[in-house]
Amino acid sequence: DDDYFFYMGVSGEGFTLCYNMLDFLQEGKWNNQSLDDCFAAEGIKYRLFGDGTIPVKDTPMNPDTVGEQIVQHLLSDRPVILFREKVSYKLVVGYTDYGNTLIAHGGHSGVRIGKTAKPLESWKRGLSAVIFIDGIDAPGDRKEIAWRSLFRAYEMLTEKDQPFLEYGYGEGAWWKWIYRLEDDRNYRAKNSNFRYINPEKFDLAERRAYTAGFFEQVQDILKIDLSVPARIFRTIHDKMWDVHWQVYGENKRSLRDKATRERIVWFLKECRDLERQAA
């Protein structure tokens, strides 16, 4: 759990809404520093190859030869990470059929990789990036990594622009969520009862709860007081339960009911103001 909390903060994913590492890489902000810091904290050497949508430091990925490169890398007994179809991450540990099928672990079944890895066919479809794990080195200075993570967190929490597709982070993410809930056109269809509430509410709740643990870890590493943002992030987590009970349980109501959405928006605006305090 402690590792999970730490990397929620270092990766930056703990400060976002429905936004992941691939989004960061495609955005190109901070020059992939969050990915660098995640690997550096464990002393893991890596190379990143992208499909052209990702600014990379290494040679751009060649779709015609990437399969051969992966096979040769696996033969050196080192794994590969695939970024596929926006939110799909696969840890590749082997191959069959001359590399046309990779043996991959999805990361959702614990650490028994040998027993849970499965064949992955058509793995080039939607492939955005490949990370080659090159070995282990001395871990980086966690104090420096913690400081950089906090600076990135501040910039993320105070970001005002709205991304053109995803929610992203900062005030823009809150406003995009609020605008979607306030727009009556989004709730005319009968199947729109929970539109823009699932998975958003628990996606954000979990990110903020785990990142509170990150603040407490960094507090120990840097010997500074981060109890206020930790407490605020847990409060935001709790308020997502208030949002949840507007549409589930005894108070279950449809989001097609405008009054229900107005109450939810009130909670979201309160959380947006809390994040300003955390920053």
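Begin by selecting helix α1 (residues 2–11) and helix α8 (residues 200–222), which pack at an angle of about 95 degrees with their axes 7 Å apart. Helices here are DSSP runs of H or I with at least four residues, numbered from the N terminus; axes are lines fitted to C-alpha atoms over the stretch in contact, and angles run from 0 to 180 degrees between N-to-C directions. α1 is therefore roughly perpendicular to α8, a term covering 65 to 115 degrees.

The model is predicted: local features need pLDDT of at least 70 and side-chain atom pairs count only at pLDDT 80 or more, while totals for chains, interfaces and linings use all residues. Residues are numbered from 1 along each chain as its sequence is written, and side-chain values use heavy atoms, with hydrogens and water left out.

Next, display the contact (heavy atoms within 4.5 Å) of α1 with α8. On α1, select Asp2, Tyr4, Phe5, Phe6, Met8, Gly9 and Val10; on α8, select Arg207, Tyr210, Thr211, Gly213, Phe214, Gln217 and Ile221.

Stay on α1 and select its buried residues, Phe6, Tyr7, Met8, Gly9, Val10 and Ser11; buried means under 20% relative accessible area (1.4 Å probe, protein chains only). These buried residues pack against α2 (21–27), α3 (33–42), α6 (142–157) and α8. Glycine 12, with a positive phi near 90 degrees, follows α1.

Then move to the largest nonpolar core, of 62 residues, where Ile131, Trp177 and Leu268 have the most contacts inside it. Such a core is a set of buried Ala, Val, Leu, Ile, Met, Phe, Trp, Tyr and Cys residues joined through side-chain atoms within 4.5 Å. Another core, of 15 residues, lies apart from it and includes Leu74, Leu120, Trp123 and Phe132.

Key: Helix = DSSP H or I, 4+ residues; strand = E, 2+ residues; numbered from the N terminus. Parallel < 35°, antiparallel > 145°, perpendicular 65-115°, else oblique. Buried < 20%, exposed > 50% of the residue type's maximum accessible area, 1.4 Å probe, protein only.
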